[in-house]
Structure formats: C-alpha cells, structure tokens
Amino acid sequence: MEVNEITGKILNAAYKVHSALGPGLLESSYQACLKYELQKEELFVETEKPLPLVYEEVKLDCGYRIDMLVENQVIVELKTVEEFTDVHIAQLLTYLKLSNKNVGLLLNFNTKSLKNGIKRVIL
C-alpha cells in the first residue's frame, strides 16, 4: 500500500475518533480507539513499539517507544497538549531517523478541531 493512501486512512480514522470523543481525554484513550479504527480498515498497526538506539555497533534498549507504527511505514505520534512545540517535532524526526522510516504524523487530540492538530513530517 502506498504511503499517501496509508496516511489518508490514518487521518480519516483520527477525524472519526476525535469527532466521537472530542478533546480532553488521555492519550492512551485516543490510541486505543485509533488502533481499533485502523484495524477495521485492515491496516497492520503496532502500538508502543520498542525503538532501540543504535550507536555505532552498540544497540541500547533505552525504553523509547513509537506510539503507533502503521503498515511498517508510517510512524504516528499522539499528543494531548495545548499545542505542538519544537520538541514534539524533533522527537518524531528522531524516531523516523532511528527507525529508517520516511513519513510520520503528529496528531494532537487536545484541539477543538483536529485539523489544527495535525503535522505531517517527512525525512
């Protein structure tokens, strides 16, 4: 499946979840519902996927976890924050680099309108 098709399905599912639940819940609630919606679309979704840090020939398990990896291609980081900061974008960029992925979505469910809580990041 093409990356744009995957991200389109992710965004449609995120809009559906946000419309049903609204802002103000825990990140884990949105994650569970988004995973459910994506699996209904027959997408392969991994949540809380461990992400080791590899430095030269040393592999370190530092406890980093990707919120969601969809179809082994798109990283989805979920937030419930007032607004995105540079740190949120840097985190997603780092996860993309460490996992050798090219496309990530940053979704902030703590917004009145989800369209104001979406950032697409390409490495």
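Start by selecting Tyr55, which you will find in strand β2, residues 53-55. Keep in mind as you go that this is a predicted model. Tyr55 is exposed, because its relative accessible area is 53%, above the 50% cut-off.

Next, head for strand β5 and pick Ile75. Is Ile75 buried or exposed? With a relative accessible area of 0%, Ile75 is buried. Show its surroundings and, leaving aside residues up to four places away in sequence, you will see Ile75 touching Ile66, Met68, Leu69, Leu92, Tyr95, Leu96, Ser99, Lys101, Val103, Gly104 and Leu105.

Now for the largest nonpolar core, which has 20 residues. Select Ile10, Leu34, Leu38, Val70, Val76, Leu107 and Phe109, the members with the most contacts inside it. Colour by element and you will find that α1 (3-21), α2 (27-40), β4 (65-70), β5 (74-79) and β6 (103-108) each contribute at least two residues to this core. Its largest share, five residues, is supplied by α1.

Zoom in on Leu107. Not counting residues up to four places away in sequence, its contacts include Ile10, Leu11 and Ala14, along with Leu34, Val76, Phe84 and Ile118.

For the last stop, select Leu51, Leu69, Leu96 and Leu106: they are among the 10 residues of another core, which lies apart from the largest one.

Key:
Residues are numbered from 1 along each chain as its sequence is written. This is a predicted model: local features need pLDDT of at least 70, side-chain atom pairs count only at pLDDT 80 or more; totals for chains, interfaces and linings use all residues. Side-chain values use heavy atoms; hydrogens and water are left out. A nonpolar core is a set of buried Ala, Val, Leu, Ile, Met, Phe, Trp, Tyr and Cys residues joined through side-chain atoms within 4.5 Å. Buried means under 20% relative accessible area, exposed over 50%, partly exposed in between (1.4 Å probe, protein chains only). Helices (H or I, at least four residues) and strands (E, at least two) are DSSP runs, numbered from the N terminus. Contact means heavy atoms within 4.5 Å.
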